[in-house]
Every structure is written in C-alpha cells, then in structure tokens.
Amino acid sequence: MSDFWMYFQLAWKHVIDIKSYNFILFLIALAVPYSFKEWRKLLLLLAFFAIGELVVLLLSFLEL
C-alpha cells in the first residue's frame, strides 16, 4: 500500500507542478463549465484526473 501512496503523491506533484502548465490549463478547461454550487462534481472530476495520472505513471513504471 505504501507504493500506491508514493505513486499517488508523485502523480499529484506532477499535475500541480508549475512547470507543467499544460495540466493546469487542462484542469482549468475542465472547471470552466461548472458553477460554484457544483463543487462536488468538480472535485470528483479532478480526483478521477489525478487517479488517471497515477495509472499512467504506474503503467510506465511497469513498462507496459
């Protein structure tokens, strides 16, 4: 389970890194259609995005 958290943190840091502004712009583009009242939906969407990044990093680590 510690490997999961290590890769989750690595993916999260990769997403919010200021040098990888393409991810930040993508997250902003995802957030534009949502109003403040729909913050739960947006949070869920961002969580799935982070999980997707985690999966991609895990697959690349496993060389698949």
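Visitor: How should I read the contacts in the protein with a separation of 6 or more, and what share of them comes from residues 24 or more positions apart?

Guide: The general idea is to ask how far apart along the chain the partners of a contact stand. In this predicted model, residues 24 or more positions apart account for 48% of the contacts with a separation of 6 or more.

Visitor: How many helices and strands does the protein have?

Guide: One begins by listing the elements and then reads them along the sequence. Here there are three helices and zero strands, and the pattern along the sequence is α-α-α. Taken along the principal axes, the C-alpha atoms fill a box of roughly 40 × 25 × 20 Å.

Visitor: What span does α3 reach from its first C-alpha to its last?

Guide: The idea is to set the span of a helix beside the one expected for its number of residues. With 23 residues, α3 reaches 33 Å from first to last C-alpha, close to the 33 Å expected at 1.5 Å a residue. Following α3 comes Glu 63, whose phi is positive, near 60°.

Visitor: At what angle do the axes of α2 and α3 cross, and what is the handedness of the crossing?

Guide: For a helix pair, one reads the approach of the axes, then the angle, then the handedness, and finally the residues that meet. The axes of α2 (residues 21-31) and α3 (residues 39-61) come within 10 Å and cross at roughly 150°, and the crossing is right-handed. On the α2 side Phe 23, Phe 26, Leu 27, Leu 30 and Ala 31 take part, meeting Leu 42, Leu 45, Leu 46, Phe 49 and Glu 53 of α3. These residues divide into nine nonpolar, no polar and one charged.

Visitor: Why does spacing along a helix matter when I read such a list?

Guide: An α-helix has 3.6 residues a turn, so residues three or four places apart point the same way. In α3 the buried residues are Leu 42, Phe 49, Ala 50, Glu 53 and Leu 54.

Visitor: Why do Ile 51 and Leu 58 count as partly exposed?

Guide: Ile 51 counts as partly exposed because its relative accessibility is 39%, and Leu 58 is partly exposed because its relative accessible area is 27%. Across the protein, buried residues make up 17% of the 64 residues, while the accessible surface comes to about 5400 Å², of which 73% belongs to carbon and sulfur atoms.

Technical notes:
Residues numbered from 1 in each chain as written. Predicted model: local features only at pLDDT ≥ 70, side-chain atom pairs only at ≥ 80, totals over all residues. Heavy atoms only, no water. Axes fitted to C-alpha atoms, helices over the stretch in contact; angles between N-to-C directions. Helix = DSSP H or I, 4+ residues; strand = E, 2+ residues; numbered from the N terminus. Left-handed = near helix turned anticlockwise from the far one by under 90°. Contact = heavy atoms within 4.5 Å. Nonpolar A, V, L, I, M, F, W, Y, C, P; charged D, E, K, R; others polar. Buried < 20%, exposed > 50% of the residue type's maximum accessible area, 1.4 Å probe, protein only. Areas by Shrake-Rupley, 256 points an atom, 1.4 Å probe, with all protein chains shown as cover. Expected span 1.5 Å × (residues − 1).
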